[in-house]
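Morning, everyone. I have one structure to walk through today. Please bring it up on the screen.

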Amino acid sequence: MSKRYAGIAWTETGYRVEVLDDTGRHVAEPSSWSGGQVGELIAWLGGLGDGPAPAVVLDSTNGLLDGPMTAAGLEVYRADPWLLPPRPRFGSVPAGQLAEQARTAPGAPARVTAEGGTLTGRAEEYFDGVRRGEPARAALTEAGGCFDHGRRDDRRVALTFDDGPDPVYTRQVVEILERYGARATFFCVGHHVAALPDEVRRIASYGHELGNHSWSHPFLPDLTPAELREQLDRTAEELDRVTGAVPTWFRPPYGALTPEVLAALEGHPTTLAMWDVDARDWSRPGPEQIAATVLEGAGPGSVVLMHEGAGDRAQTVQALPSIIEGLLERGLELVTVGELAAMAGPTAGA
Ligand SMILES: [Zn+2]
């Protein structure tokens, strides 16, 4: 059985898929999927003809598929910009070009693993960029344009859930929070907001806060300033269309705040929402480990990073009751990022 490659592009309306065999022939008709149909897409790839599922090829402007696909056992590759032709201002490189790139130069795209996450192979570049961005980020925090934790004498904590909404996990997270009377902040991606507006309304209807987490979860340093603003503005518009409110917070995917990204965001009417406790739940270390990481790290004023979408989040859901009970037992109240920031100072009202 020859090797097959499924190029998956994201577009304004969802995903576009083209599957090629190693001679460049289409194995299936090109197909389209909504941002809420990732489970169906994975099942379709797995059932495509005889033999193993095709290798999946994404570009670095798509951070939404490698999590669920590696969790499902698919072979996933990321083609970085230097391997690809230019992309549209809003959208990834077309699906056929992604599949063709991997087919003609199979060693070039990076194999993305569940352990390494979306940026497998680019960790050094990522950390170097974040380090270079630290002075500008500190200045922005001082000026009230970036928030990563509240006051340490404020006995409140903000739980945050990224990458949703999700057709399965959003309602589970919302239900657990409701059981404890807790409020949280959900940083949604526009691609999922457009596909699952009812899940977004569910979040809002329980009094939780919604934030902007870009449209397609790109590695921001790979975008032009115009592409970056497009990601923010389209997501804000979509959230406004669905909920009637424009989000005031933006959480950058991977927290990838390089000097270039910070410069591109200058003057944009949004406040950056970072965190001081990372649950590392995306690596699926087990619910006990996720709860332990949060309870060891969190204290008064903490902002806790967790995930409710773009992957198998069953462990996060399982860990959540222990996390909430542990924090409540210490007399900490669970609030939104906006509520935590309002007491902290310069970002009040942001
Ligand atoms: Zn994210």
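Let's start at the largest pocket. Helix H4 contributes the most to its lining, with 5 residues. Before going on: this is a predicted model.

How much space lies in the largest pocket? About 880 Å³. Its lining is made of 41 residues. Closest to the centre of the pocket are Gly 116, Gly 117, Thr 118, Tyr 254 and Trp 282. Now the elements. Those that give two or more residues to this lining are helix H2, residues 66-71, helix H4, residues 123-142, strand E8, and strand E14, residues 303-307. By class, the pocket lining splits into 16 nonpolar, 15 polar and 10 charged residues.

Next, the cavities. How many of 30 Å³ or more does a search of the whole structure find? The count is 1. The volume of the largest cavity is about 40 Å³. Around it sit Trp 10, Thr 61, Arg 87, Pro 88, Arg 89, Phe 90, Gly 91, Leu 223, Glu 227 and Gln 231. That lining has 4 nonpolar, 3 polar and 3 charged residues.

Keep Thr 61 and Arg 87 in view, as both line that cavity. They lead us to Asp 59. This residue lies in strand E4, residues 55-59. Buried or exposed? Asp 59 is at 1% relative accessibility, so it counts as buried. The side chain of Asp 59 makes a polar contact with the side chain of Thr 61, at 2.6 Å. Leave out residues up to four places away in sequence, and Asp 59 touches Arg 78, Ala 79, Leu 84, Arg 87, Ser 92, Val 93 and Leu 98. For a sense of distance, take Val 193. It is 134 residues from Asp 59 along the chain, and their C-alpha atoms are separated by 21 Å.

Now the metal. Which protein residues are donors to the zinc ion? Asp 163 through OD, His 213 through NE2, and His 217 through NE2. They lie 2.0 to 2.1 Å from the zinc. Along the chain, the donors follow the spacing D-x49-H-x3-H. Asp 163 and His 213 link distant parts of the chain, 50 residues apart. Asp 163 is in strand E8, residues 156-164. His 213 is in the loop between strand E10, residues 209-212, and helix H8, residues 225-243. Strand E8 is also one of the elements giving two or more residues to the largest pocket's lining. Asp 163 has 5%, so it counts as buried. His 213 has 1%, so it counts as buried too.

On to Thr 316. It is found in helix H11, residues 314-329. With a relative accessible area of 2%, Thr 316 is buried. Setting aside neighbours within four places in sequence, Thr 316 is in contact with Asp 281, Ile 290, Met 306 and His 307.

Last stop, Gly 267. Look for it in the loop between helix H9, residues 259-265, and strand E12, residues 271-273. Here the cut-off for exposed is over 50%. Gly 267 is at 76% relative accessibility, so it counts as exposed. Gly 145 is 122 residues from Gly 267 in sequence, and the two are 9.9 Å apart in space, C-alpha to C-alpha.

That's the tour. Over to you for questions.

Technical notes: Residues numbered from 1 in each chain as written. Predicted model: local features only at pLDDT ≥ 70, side-chain atom pairs only at ≥ 80, totals over all residues. Heavy atoms only, no water. Donors = N, O, S within 2.8 Å, 3.2 Å for Na, K, Ca; no water. Helix = DSSP H or I, 4+ residues; strand = E, 2+ residues; numbered from the N terminus. Buried < 20%, exposed > 50% of the residue type's maximum accessible area, 1.4 Å probe, protein only. Contact = heavy atoms within 4.5 Å. Polar contact = N/O pair within 3.5 Å; in protein donor to acceptor, adjacent residues only side chain to side chain. 1 Å grid on protein atoms, 1.4 Å probe; cavity = no way out; pocket = protein on both sides within 12 Å on 5 of 7 lines; lining within 4 Å. Points joined across faces, edges and corners; volume = space filled by probe spheres on them. Nonpolar A, V, L, I, M, F, W, Y, C, P; charged D, E, K, R; others polar.
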